Amino acid sequence: MFFHMVLERNMQLHPRYFGPHLHEKLTTKLVKDVEGTCSGKHGFVVAVTKVESIGKGLIREGTGFVTFPVKYQCVVFRPFRGEILEAVVTLVNKMGFFAEAGPVNIFVSNHLIPDDMEFQSGDIPNYTTSDGSVKIQKDSEVRLKIIGVRVDAAEIFCIGTIKDDFLGRN
Amino acid sequence: MTEPFNRLVKLAARAFYDDFTTKGDNQPKTGRSDNRGMAVVVLDALTRRQWVREEDLAKSLKLHTKQLRRTLRFFEEEKLVTRDHRKETAKGAKIFSAAIAAAADGQQVGKEGDEKTKIHTHSYCCLDYAQIYDVVRYRLHRMKKKLKDELDNRNTIQEYICPNCNRRYSAFDAMQLVSMEDEYFHCESCNGELVAESDKLAAEEMGDGDDNSRRRRREKLKDMLQRMEEQLKPLTLQLARVKDLPAPEFGTLQAWEASVNAAGRGGNNNGSATDASKSAQGQGYGGTPMPYIGETKVEVTIFGADVKDEGAETEAATASLKVLPPWMIKQGMNLTKEQRGELRPDAKVDGSEAYRDQSDEKKQEQKQEDVKSLEEEYLTAYYEAYARMLEASKTAQGEAEVSQQSTSSYLNGVSDTNSARQVGMKVKREDDDDGGIEWEEDVATGILNELSIVNDPNAQPDGSGDEDDDIDWEEG
């Protein structure tokens, strides 16, 4: 699920950037640093929308770097258990398939794939229904339900299922 | 006190362990050697005992020791039973047997004779009630949880097992496990192919459309859950009953042995005295300082009046140098129960009962000659003191006379005791006299308490020996 929230971060800036456009430089640096990262607590930071405030800089001892506390608004994405997402299949395996929903990787094990879909290896490994109506292969879109979320410090990984109603393809 | 717990153990045994076999299911001959249910028998037997040696248990249950050990090992792993392995000489094992006998009213006779100094490892086991209560509850909880989880579809996170190194992986780890070469997951350490762990409880039905099979699975699970609740109802009820009761606690083997030994000697507080293994010492029964061995230790223990002298046997068991009390000496070694039963002169108030029980034990081992003289000396003093007390209390003058007479007739050549008796005279003892004074008073009260008990048996002495004929026991 997406959230729009205010986060804070301490940015260190090299003295070479000190000058009239200090704040812009700081903002650029922030965006570069933060967008695309993931924290276990908030999820993936998708985009920084606005820099709210930049506090007073503190000169670090020994080096000339200055630390600025920066508050910024951003869009974060965090998957939850029970959530239903659309994802794009990246890898099909005998044990299941891997899909991506934006920055998060989801694994659907074959145990959670409906029984009437069977794995077919070959050039393009895929899962197909017995009548061939539904085929799940690389780059197909599937709707899946998250049943487990594993949150590491900087990594989020999910397990999904397509065994319920309205899940899978179409 | 332990009854509800025993019932709990029995119910749990029958509920969960009635199909326990010691065979590994490899051998198909169930006809001849089907010993299913042995586990239940063992558990039941353990409810009737406290700490018990495994060999003894095997003998009484008529089971092979090895089989019993396997069963007990299984129970130890299930956390129902605690085991203790001790290196003991045969003599040490006797101490234990005596303790058992003490606790079980002489059901077991300690091993006699064998005085080898080889050290064997003896194993003991005991039910651990507190743990059993927890274990049973946990088991029930896990059973219900498993069913409920499946019902809710919670256990859908796949687990993978490596057949080589038995390492378990979750589906979450799938990312790291995916291999480039082929289409299976490989173990991180040994690169073996992982096997998925499937849903055990509700086997899926193929063929039907998803909806039906899923519904059927749910029905099946619900049905299983319901049946489980119903069949385990007596057990759950018993658990509820037992919930607020304190679990019977037997402590470690050492502690239990010690406490039972002390109890046997008439420890003051219902045998909870934690005297160490002074079994070899004449520690004396509750209140009756009987010098059983050369050390004339006068145990000035207060007359507990609740002399549980079952443990008297411990003394006999442990101290082969036990000495017969004076009145017994004369009658020779072969003392029967009967003899000892009656021979409860009022002087030996509390000890008499002890002796009655002890009669079963090896009196024969006692070497009287060694300590006879010491004994007589002591007993002289004792009788004097006793008689004095009686006089002082003036409640049982008759006994005093009787005791006087008995004293004179019993003791060899100690006829001067009569004359020496005076009120207030210090008792001749080998211990400090200070303790003696208190002792006398206490003994007096104790004796008074016990008199009623003692009187009756004393009233009819049957052919206990020559000396008895000389004495006219008079009712006080």
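**Confidence, chain A**

I started with the mean pLDDT of each element in chain A: β9(A) has the lowest, 88, and strand β5 (residues 66-77) the highest, 95. This is a predicted model, and I wanted these scores first. Chain A as a whole averages a pLDDT of 91. I find that 100% of its residues score at least 70.

**The sheet with β9**

Next I looked up where β9(A) sits. I find an open sheet of three strands in chain A, in the order β9-β10-β11. The pairing is antiparallel. Which strands stand at the edges? They are β9 (117-120) and β11 (135-136) of chain A. Each has a single partner strand, so one side of each is left without a neighbour in the sheet.

I then checked the pairing of β10 (residues 126-129) with β11(A). These strands of chain A pair in the antiparallel sense over two bridges. I looked up the partner of A:Thr128: in β11(A), A:Lys135 is its bridge partner.

**Cysteines**

I searched all chains for disulfides and found zero. The cut-off I applied is 2.5 Å between sulfur atoms. A:Cys158 is buried, at a relative accessible area of 0%.

I turned to chain B. B:Cys125 is in no disulfide either. Its nearest cysteine sulfur belongs to B:Cys126, at 7.7 Å. Is B:Cys125 buried or exposed? I note it as buried, with a relative accessible area of 0%.

Methods: Residues are numbered from 1 along each chain as its sequence is written. Chains are lettered from A and ligands numbered from 1 in the order in which they are written. This is a predicted model: local features need pLDDT of at least 70, side-chain atom pairs count only at pLDDT 80 or more; totals for chains, interfaces and linings use all residues. Side-chain values use heavy atoms; hydrogens and water are left out. Two strands pair if DSSP finds at least two bridges between them. Helices (H or I, at least four residues) and strands (E, at least two) are DSSP runs, numbered from the N terminus. Buried means under 20% relative accessible area, exposed over 50%, partly exposed in between (1.4 Å probe, protein chains only). pLDDT is the predictor's confidence in each residue, from 0 to 100.
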